[in-house]
Amino acid sequence: MRACRVCGETISTPAYDAPAPALTSIMTLLDMPTRVFVCDGCGHAQCDDVPDIRAFYDTVYRISLASDGHDQIFAVQTDGTILYRTDHQAAIALKLLELPPGARILDYGAAKADTLRKMLADRRDLAPHVFDVSNDYADAWESWVPKDAQAVYSIPPAWNGRFEAVMSHFVIEHVPDPVGFLRDIAVLLVPGGQLLLSLPDVDANPGDMAVADHLNHFSEASLRHALTAGGFRLKALDRTSFPGAFFAIAVREAQTEAPDPALAGEAAERAREICGFWEKAAAHLDAEGVRLAGQKVVIYGAGFYGSWIMSRVGRSVDVVAFLDRNPHLQGATHFGRPVITPEKIPVDVSAMFVGLNPLKARDAIAAQPWLHRPGLAHIWL
Ligand SMILES: [Zn+2]
């Protein structure tokens, strides 16, 4: 039995339940099962708490610290140019937020705050502030955020009611109490101040459902519910600028938006459908692992899907390499295997497991002729 993290309703049984190990968003394994609970009351889906969550984010969870140039790929364009996530986030934030001249803006759960730094390149008038629950990022802030505009572990009381805008990129999916998180942000804003939230859209990127440290898998219905309870009015919801993610603009405003039971019901049904997909994918991979036991194979994709495949089949088949188009991953190792460019797929492998978003995987593989040769089986999620 669980209480919904958004509306408090009791959820009796998990819709997805896979034994340990669980895979995190930073591709580490946790010794715990992955369980997803779906709420019919508000359309929210949620995972179990991560044990010792404070220590995990303080000392284990280091995003994009490997090198200054390291960043996650947002898209590979048809001419081969790679667009990085924080560049794209900065462009969307500037488009969606209406920032008056000199606006005070806080990046909440900032990590290196690359998005905010890139926004300043276009908007030098903005007054940047950063907050994170880890001390790891102070060096990254040093040269461009004034010392008194940096906060670590807790927010100074003087920041209450201080900001025209707060933005929080890909944080709310990690927090055990998302409504409390939103209330904490609301008090930092001036009345009518804006909040920009980015978060995974599990409907568009079903892999998110199996990420163990994403305690929340929001639907539009549960996001609306949480924002209302947190003291916000949802002003705009952009689901297209960043495929696989929601970008929401909300205004600090006490109001009551009645939840829509039909929207919540549809969201709960969709969440259960995605859980069913993962149950089936796990069974399919177990069977392929047995069928291909001992054979040399590659996994396409060193991101979450590829890592999840590795966690299922890595002990039965001989994974010789990961293929990935991200030049910052190529040359590195992942789970002890080299990451190489897809064009260099070894000639002696008999199968390629495709570890990409299932909604996009077939198009991505079809576009690469070197991945199509006799004797190479493609294994899809
Ligand atoms: Zn709920």
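**Exercise 1.** Find the bridge partner of Y300 in strand 22, then work out how strand 18 is joined to its neighbours.

*Solution.* Keep in mind that this is a predicted model.
Step 1: Y300 has V354 as its bridge partner in strand 22.
Step 2: strand 18 and strand 22 (residues 351-354) run parallel and are joined by four bridges.
Step 3: strand 18 also pairs with strand 19 (residues 318-323), again in the parallel sense, over five bridges.
Step 4: in that pairing, V298 stands opposite A321 of strand 19.
Step 5: together with helix 8 (residues 304-313), strands 18 and 19 make a right-handed β-α-β unit.
Step 6: strand 18 (residues 296-300) is mostly covered, with four of its five residues buried.

**Exercise 2.** Which residues coordinate the zinc ion, and what is the geometry of its site?

*Solution.* 
Step 1: the SG atoms of C4, C7, C39 and C42 coordinate the zinc ion at 2.3 to 2.4 Å.
Step 2: the angles among the four donor atoms are 98 to 117°. Four donors count as tetrahedral if all angles lie between 85 and 135 degrees, so the site is tetrahedral.
Step 3: C7 lies in the loop between strands 1 and 2 and C39 in the loop between strands 6 and 7, so this pair ties together parts that are 32 residues apart in sequence.
Step 4: C7 is partly exposed at 28% relative accessibility, whereas C39 is buried at 1%.

**Exercise 3.** Which residue caps the N-terminal end of helix 7?

*Solution.* 
Step 1: helix 7 covers residues 261-291 and reaches 45 Å from its first C-alpha to its last.
Step 2: the cap is D260, with a side-chain oxygen 3.0 Å from the backbone nitrogen of A262.

Key: Residues are numbered from 1 along each chain as its sequence is written. This is a predicted model: local features need pLDDT of at least 70, side-chain atom pairs count only at pLDDT 80 or more; totals for chains, interfaces and linings use all residues. Side-chain values use heavy atoms; hydrogens and water are left out. Donors are N, O and S atoms within 2.8 Å of the metal (3.2 Å for Na, K and Ca); water is not among the atoms, so sites may look incomplete. Four donors count as tetrahedral if all angles lie between 85 and 135 degrees; four count as square planar and six as octahedral if opposite donors are over 155 degrees apart and all others between 65 and 115; anything else is irregular. Helices (H or I, at least four residues) and strands (E, at least two) are DSSP runs, numbered from the N terminus. Buried means under 20% relative accessible area, exposed over 50%, partly exposed in between (1.4 Å probe, protein chains only). The expected span of a helix is 1.5 Å times one less than its number of residues. A polar contact is a pair of N or O atoms within 3.5 Å; within protein, one must be able to donate a hydrogen and the other to accept it, and residues adjacent in sequence count only if both atoms are side-chain atoms. Two strands pair if DSSP finds at least two bridges between them. A crossover is right-handed if, with the strands pointing away from the viewer, the path from the first strand over the helix to the second runs clockwise.
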